[in-house]
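Dear colleague,

Please find the structure below, followed by a summary of what was found in it.

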Amino acid sequence: MFPAGIPRLAAVTGWPLTATRSPLLHNYWCDTLGIEGLYCAIPLPPEAFERGIRTMQSLGFRGSNVTIPHKEAAFALVDRRTRAADRAGAVNTLIFEEDGTITGDCTDGTGYLASLSEAGIAMPRKALVLGAGGASRAICAALLDSGCSLLLANRTTARAAELVEALGGGTVVPWERWPESLPEVSLLVNTTALGMGGQGDYDWSAALGGAAPDLAVSDIVYMPLETPLLAAARARGLATVDGLGMLIHQARPGFAAWFGRMPGEDPAGVTEEGSMAALRARVVATLG
Ligand code: ATR
């Protein structure tokens, strides 16, 4: 049983967890929705992950977000998983149930799709995803499960082939030749570390040369908010979607499970203070 008469508790766990914006999001929603709740950051090194989660359960926490490097450990720890978690092969949201069991969800893929929709981008019929890590898998699964055709390019081709195999859909494109596929797709998603810049001088502008004018370009990185890819896309007049929307939207289902209200149901917000735009501005202010 959860303790009565005290604020609801939830957290994010990760290691080293120095750059997390999750407490800002959840505590903002608690404040603006008038919910007595507290969301904190709990750094847990890998060897302390399971013990830390069990301790949080015994202290009456409602659940936790899970970030790098614990998403696979969380996948293995839970008593049941949502289909999205099974498809992603990872868990980013733990829901501590009243009976002591734990449900694991992965909201990264649906959070990404919600960020597209919020940016006014229609669900693509065909998308090209760059990268084949954990974030890519969640996004690829969500795209495929929404009926989108998928092209996947990764520096290490074997990893892309494994992902296509695991998800039962998508076509691998050689890394060096991904720009040639652009005319076929209406969405480009970058999930690689190239997005952050400082990884050598990748010529995004040249790579986007064959893009159709209605191509939407997104990057899941939000530091920097305008990545070199997004800057190149904007210079070409293409629609762009930054990584902040995914960060915000992946947080919403966990908040609803722990604190009892789905934040941002009304895109305009109940009040200006409570709006998604105001929250976005708060997060942007922390990015420096
Ligand atoms: P995450 O779980 O955050 O997606 P990850 O599993 O470390 O992170 O995956 C990082 C992705 O960025 C991989 O697709 C990686 O390509 P490889 O599989 O070939 O390693 C990609 N990546 C990292 N640095 C890159 C670079 N300089 N050029 C191209 N791709 C890069």
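In helix α2 (residues 49-58), the buried residues are F49, G52, I53, M56 and Q57; buried means under 20% relative accessible area, exposed over 50%, with a 1.4 Å probe and protein chains only. Because these residues cover an arc of only 140° around the axis, they lie on the same side of α2; the arc is taken from the directions from the helix axis to the C-beta atoms. R51 and S58, on the other side of α2, are exposed. Helices (H or I, at least four residues) and strands (E, at least two) are DSSP runs, numbered from the N terminus.

This is a predicted model: local features need pLDDT of at least 70 and side-chain atom pairs pLDDT 80 or more, whereas totals for chains, interfaces and linings use all residues. Residues are numbered from 1 along each chain as its sequence is written, and side-chain values use heavy atoms, without hydrogens and water.

The cover over the buried residues of α2 includes β1 (8-14), β2 (37-43) and β3 (63-66), among other elements. Of the 7 residues in β1, 6 are buried. β1 runs parallel to β2, joined by 7 bridges, and L9 has L38 in β2 as its bridge partner. β1 also pairs with β3 in the parallel sense, over 4 bridges; two strands pair if DSSP finds at least two bridges between them. V12 stands opposite N65 in β3.

Just after α2, G60 takes a positive phi of about 95°.

Yours sincerely

Notes: Contact means heavy atoms within 4.5 Å.
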